[in-house]
Amino acid sequence: MATASLPDDVVPLVPMRNAVLFPHSAMPVGVGRPKSVAALRQAAQTGGLLGIVLQHDPKVDDPGRADLCDVGTLAQVLQQAEGAESQLHAMCQGVQRFRIEALVEGFPFLAARITRIEEPAELSPEAEALGLQLHQRAAEILALLPSVPVEVAQALASLRDPRRLADVVSHLIDSEVVDKQKLLETVRIEERMARLLELLARRIQVLRLSHEIGERTKEQLDDRQRKYLLREQLKTIQKELGEDDGQREDLTQLAEAIGKAGMPEEVRRHVDKELERLRRLGEGSSESALLRTWLEWMAELPWAAPSPPAIDLDAAKRILEDDHHGLQAVKRRIVEYLAVLKLNPAGRAPILCFVGPPGVGKTSLGQSIARALGRPFVRVSLGGVHDEAEIRGHRRTYVGALPGTIIQGIRKAGARHCVMMLDEVDKLSASFQGDPSAALLEVLDPEQNSTFRDNYLGVPFDLSRVVFIATANVLEQISLPVRDRMEVIELPGYTQDEKVAIARRYLVTRQREACGLGADQVALSDDALDTVVAQYTREAGVRQLEREIGRLMRHAAVRVAAGTAEPVPVAIGAAQLEDILGAPRFEHETALRSALPGVATGLAWTPVGGDILFVEATRVAGSGRLILTGQLGDVMKESAQAALTLVKSCAPALGIAAAMFEGIDVHLHVPAGAIPKDGPSAGVAMFMALASLFTDRSIRPEVAMTGEISLRGLVLPVGGIKEKVLAAQRAGVRCVLLPARNRKDLRDIPASTQQQLEFVWLEQVDDALRVALSAGAPPRSLQLA
């Protein structure tokens, strides 16, 4: 309801958030605040004037006097209409400027006592001159603006009064609301018109520059429009032919992805050419699906060069130390690579090959290296691969063709500088489909892999930033050319102390968490760990050890879940192991097997680490034959024959009568007959077994040996020393006989193992005789017969 009457100098106010109304101009006004709605209704119903004023901060919902500008415009409400949600819309015509003197209380709307600002009755010559210039500027800006109604230009041209012209142009100009408020507050007509001309000049300069830019690009736009029209015509033709073009949006997205992929210029030209060919092909074409798949692969590969990494050597060392116990050679090599990469970001990535038995941490070490480098990790399994196309990919002409595993791994990693693990590289095999190890040559060659060409892609792809890490169990099964391109790092296995440390730091925690147990619910003693390592596992790695620890944790989990764990935590010591894990599976059997003459303990190397083997010799009535059993290879058979010949030639020095070799057969057996055995390193053990048999003196049970022999009695060097020594330690051996020429390999053996074992270095077999044979008459220095 309208208020009965207002004093003549009091008007209702409508604060505007971001609009300024000028005299002689019309503007639509929409209000929603209750006071503004009441003020608009008051003016409309009484036919009085309404004050339109700008508020300083548009975020204020209930403005006071300090929130309102001093100068506003009196307006006549021409018409009004109700809006949604209690809103009111009106068309207001500006009449005259006013100045707020004070706000008046006592009304349901915002009201103010005002003073009207009168325009001067007479114009100065300066004002008339400025009015003429304002006409010209207004006409100029209307010519630069696109799509201006003709009526607007005619209305401005008909205005002769500079005062009205200034207000109308001020209302129409596209300017900031603050600048418009300054024009409204400028009462002196000459100053107002000068400020308006300055704003117009700035706006005209912007429009002219925009027009010039548009003219410069017009030719390019015309060419693009021509191509666009041609494409549209082609699409229309295809549609008329029944070839629906529903793939337009997909092609647009595909083109955008190709543009963002960062391809080299040569590759980009080839891809753009194929993309255009796809646009011309109908959706029903058999080739379109193959071409689309190829383009998607090209768009999703990480072509762009990686940004230089932020390298923190100390952080990388901490990650490697936290994830793995020991393996100092590998950690040192990774830190060296990081140091070089920090000094030379454009340098080539290393190509490493970890060789060792299963369970020593080759794969997990690759993941730790990726974490230390701050790069994504991807694993490519090569075990059993026998097709060259698995590495290089198939050509696009084949149905179901895809890139090779290398490019697939790059796409999965999403980075060109990822860490890629080529797992089980020694399990590759050649077939009639090609040799995959030959295809790996280009991948692993630093001089070639910067332009690696996958058969499916058909364009070169740069692999020089990829850190390749290969893993293998047997180095000899890797082809020589591939082996030559990699830096081989051997991981022979862990000592018992290292296994206990690994179990305590990693395995126990991992299995405990896998069983849902807390650290306060189970306690595994150090004695129990030592016993599990020594009597329940015998391996180079720690996989079986982790399985046994898992059994212990599951036993504790059953007790905790059943509520029978009293007290908590569940304590597991060495005394409880037999009840949980059963009887010990391994024991120090050297004393049992070596107590009789004719039995010697040898050391052997296997793909899964070192192991001990027993050489047993006996004699039976016969015709002088040498009987060999135990599935021995040719080299091992020759070692047995050489050992028997050497014993016969040394018989006088050993105190063996010549008649002892007459009318007998010598039977040499190596147990575990189901396992093939070969190699020259059992020569010393075979000689000692035969010498023990014929001298009737047993070999000390705590002694194990390895080495090749010659017919002159020399002990020749062999390989796999570290693996063999670790196997001897696991088996409870306390004295190891090694060839003297293998002394250099002692530095690879852990210090803790060296402290627990006695090493005897053999130049000739008589050195082994003096140390290994049990009490009896010592043999004289051997003189060959």
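Modeller: The buried residues of α26 are Ile-721, Glu-723, Lys-724, Val-725, Leu-726, Ala-727, Ala-728, Gln-729 and Arg-730. Buried means under 20% relative accessible area, exposed means over 50%, and partly exposed is in between, with a 1.4 Å probe and protein chains only. Helix α26 covers residues 721-730, and nine of its 10 residues are buried, so the helix is mostly covered. Helices (H or I, at least four residues) and strands (E, at least two) are DSSP runs, numbered from the N terminus. After α26 comes Gly-732, with a positive phi near 90°.

The model is a predicted one, in which local features need pLDDT of at least 70 and side-chain atom pairs count only at pLDDT 80 or more, while totals for chains, interfaces and linings use all residues. Residues are numbered from 1 along each chain as its sequence is written, and side-chain values use heavy atoms, with hydrogens and water left out.

Most residues other than glycine have a negative phi. Gln-631 has a positive phi of about 55° although it is not a glycine. This residue sits in the loop between β18 (626-629) and α23 (634-649). Gln-631 is partly exposed, because its relative accessibility is 41%. Asp-696, again not a glycine, has a positive phi near 60°. The loop that holds Asp-696 runs between α25 (683-695) and β20 (703-705). With a relative accessible area of 59%, Asp-696 is exposed.

Arg-700 is found in the loop between α25 and β20 as well. Its relative accessibility of 24% makes Arg-700 partly exposed. Arg-700 and Ser-774 are 74 residues apart in sequence, yet their C-alpha atoms are 5.6 Å apart in space. Pro-680 is partly exposed at 31% relative accessibility. Its C-alpha atom is separated by 9.2 Å from that of Thr-706, which is 26 residues apart from Pro-680 along the chain.

Leu-290 is in helix α10 (residues 286-300), and at 42% relative accessibility it counts as partly exposed. Arg-279 belongs to helix α9 (residues 265-280) and is partly exposed at 28% relative accessibility. From Arg-279 to Lys-35, 244 residues apart along the chain, the C-alpha separation is 61 Å.

Next, the second largest pocket. Its volume is about 550 Å³. A pocket is an open set of points on a 1 Å grid over the protein atoms alone, where a 1.4 Å probe fits, with protein on both sides within 12 Å along at least five of seven lines; lining residues have an atom within 4 Å of a point. The volume is the space filled by probe spheres set on the points, which are joined across faces, edges and corners. This pocket is lined by 29 residues, and the closest to its centre are His-324, Gly-361, Ser-364, Arg-510 and Val-542. Two or more lining residues come from each of α13 (362-373), α18 (496-514) and α20 (543-562). The most come from α18, with seven residues. By class, the lining has eight nonpolar, 11 polar and 10 charged residues. Nonpolar covers Ala, Val, Leu, Ile, Met, Phe, Trp, Tyr, Cys and Pro, charged covers Asp, Glu, Lys and Arg, and the others, Gly among them, are polar.

The axes of α18 and α20 come within 10 Å and cross at roughly 50°. That makes α18 oblique to α20, as angles under 35 degrees count as roughly parallel, over 145 as roughly antiparallel, 65 to 115 as roughly perpendicular and the rest as oblique. Axes are lines fitted to C-alpha atoms, for helices over the stretch in contact, and angles run from 0 to 180 degrees between N-to-C directions. The crossing of α18 past α20 is right-handed. A crossing is right-handed if the near helix is turned clockwise from the far one by less than a right angle, and left-handed if anticlockwise.

A second pair is α2 (residues 125-144) and α6 (residues 189-216), whose axes come within 10 Å and cross at roughly 25°. These two helices are therefore roughly parallel to each other, and α2 passes α6 in a left-handed crossing.
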